[in-house]
Amino acid sequence: MRGLANVAAVVSLAWAGIAAAAPQVEFAERLAGPWGRVDINWQPYSGALSKNTCPAAGVRTPSSVGLFGDGGTLWIEAGPGGSLRVHDGGTLPRTYLFVRMETASSGIYLDGTAEKRLALAGLDRLSEEPSPPVAGVPGTKYLRCKIRK
């Protein structure tokens with residue numbers, strides 16, 4: 001009987017650990033996919049900067065994001081523990097390590113030595129800004145891109 005109680009205690013602790021990790025993992029999964037840069041009014045760029053916005057046909061794969069690919073600015077993939085793999089047109093993806101959740105729709109991530117606040121403003125809008133905010137340094141805004149089949 002005591003063995004059964006010990007097993008139940010271990011299982012409940014495991015479930016508590018999974019439940020405690022769920023918010024950042026769920027948030028990272030909501031960020032997954034391609035994103036294109038937009039101006040402060042959530043409007044796509046035109047002219048020379050238009051390659052950073054979402055292409056009309058969409059983006060094929062994480063490796064095709066960027067100036068020399070399909071377009072768009074970045075492709076986010078959810079990683080373990082709420083971390084993010086960010087493809088931005090470079091040869092290797094960058095890893096953003098999860099630091100903490102601020103709200104249900106925003107989290108703080110570590111990119112190298114810099115902390116960034118990523119916040120969802122709806123299903124298709126993402127903003128990125130330094131954490132803590134720096135006076136005179138505007139955040140970056142993104143719209144979700146379509147995935148090309």
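Student: Which cysteines does a disulfide join in this predicted model?

Tutor: A disulfide is a covalent bond between the sulfur atoms of two cysteines. In this predicted model, cysteine 54 is joined to cysteine 145, with an S to S distance of 2.0 Å. A search of the whole structure finds 1 disulfide.

Student: Is the link of cysteine 54 and cysteine 145 left-handed or right-handed?

Tutor: Left-handed, with -85 degrees about the S-S bond.

Student: Is cysteine 54 buried, partly exposed or exposed? And cysteine 145?

Tutor: Cysteine 54 has 27% relative accessibility and counts as partly exposed. Cysteine 145 has 6% and counts as buried.

Student: Now the nonpolar core. Which residues of the largest one touch the most other members?

Tutor: The general idea comes first. In soluble globular proteins, nonpolar side chains tend to be buried together. Here the largest nonpolar core has 14 residues. Those touching the most other members are Leu31, Trp35, Ile76, Leu84, Tyr109, Leu118 and Leu126.

Student: How are the rings of phenylalanine 98 and tyrosine 109 arranged?

Tutor: Edge-to-face, because their planes are at 75 degrees. Their centres are 5.7 Å apart. Phenylalanine 98 lies in strand β4 (residues 94–103) and tyrosine 109 in strand β5, so this pair ties together parts that are 11 residues apart in sequence. Phenylalanine 98 is partly exposed, with a relative accessible area of 23%. Tyrosine 109 is at 0% and counts as buried. Ring pairs link Phe27, Phe98 and Tyr109 into a cluster.

Student: Where is serine 83, and what does serine 83 touch?

Tutor: Serine 83 is in the loop between β2 and β3. Leaving out residues up to four places away in sequence, serine 83 touches Ala28, Glu77, Ala78, Tyr96, Leu97, Phe98 and Tyr109. Two members of the ring cluster, Phe98 and Tyr109, are therefore among its contacts.

Student: Is serine 83 buried or exposed?

Tutor: Buried, with a relative accessible area of 10%. A polar atom of its side chain lies 3.0 Å from the backbone oxygen of proline 80.

Student: On to charges. How many salt bridges are there?

Tutor: Side chains of opposite charge can pair when their charged atoms come close. A search of the whole structure finds 9 salt bridges. Take arginine 148 and aspartate 70, whose side chains meet at 3.6 Å, N to O. Arginine 148 is in the segment after β8, and aspartate 70 is in the loop between β1 and β2. They are 78 residues apart, and the pair links distant parts of the chain. Arginine 148 is partly exposed at 30%, while aspartate 70 counts as buried at 11%.

Student: What meets glutamate 77 in a salt bridge?

Tutor: Arginine 85, at 3.1 Å, N to O. Glutamate 77 is partly exposed, with a relative accessible area of 25%. Arginine 85 counts as partly exposed at 38%.

Student: Are glutamate 128 and lysine 116 buried or exposed?

Tutor: Both are buried. Their side chains meet in a salt bridge at 2.9 Å, N to O. Glutamate 128 lies in strand β7 (residues 125–130) and lysine 116 in strand β6, so the pair ties together parts that are 12 residues apart in sequence.

Student: Which residues are linked with Lys116 and Glu128 in a network of salt bridges?

Tutor: Asp88, Arg94 and Asp111.

Notes
Residues numbered from 1 in each chain as written. Predicted model: local features only at pLDDT ≥ 70, side-chain atom pairs only at ≥ 80, totals over all residues. Heavy atoms only, no water. Core = buried A, V, L, I, M, F, W, Y, C linked by side-chain atoms within 4.5 Å. Buried < 20%, exposed > 50% of the residue type's maximum accessible area, 1.4 Å probe, protein only. Phe/Tyr/Trp six-rings, centres within 6.5 Å; stacked < 30°, edge-to-face > 60°. Helix = DSSP H or I, 4+ residues; strand = E, 2+ residues; numbered from the N terminus. Disulfide = S-S within 2.5 Å. Polar contact = N/O pair within 3.5 Å; in protein donor to acceptor, adjacent residues only side chain to side chain. Contact = heavy atoms within 4.5 Å. Salt bridge = Lys/Arg side-chain N within 4 Å of Asp/Glu carboxyl O.
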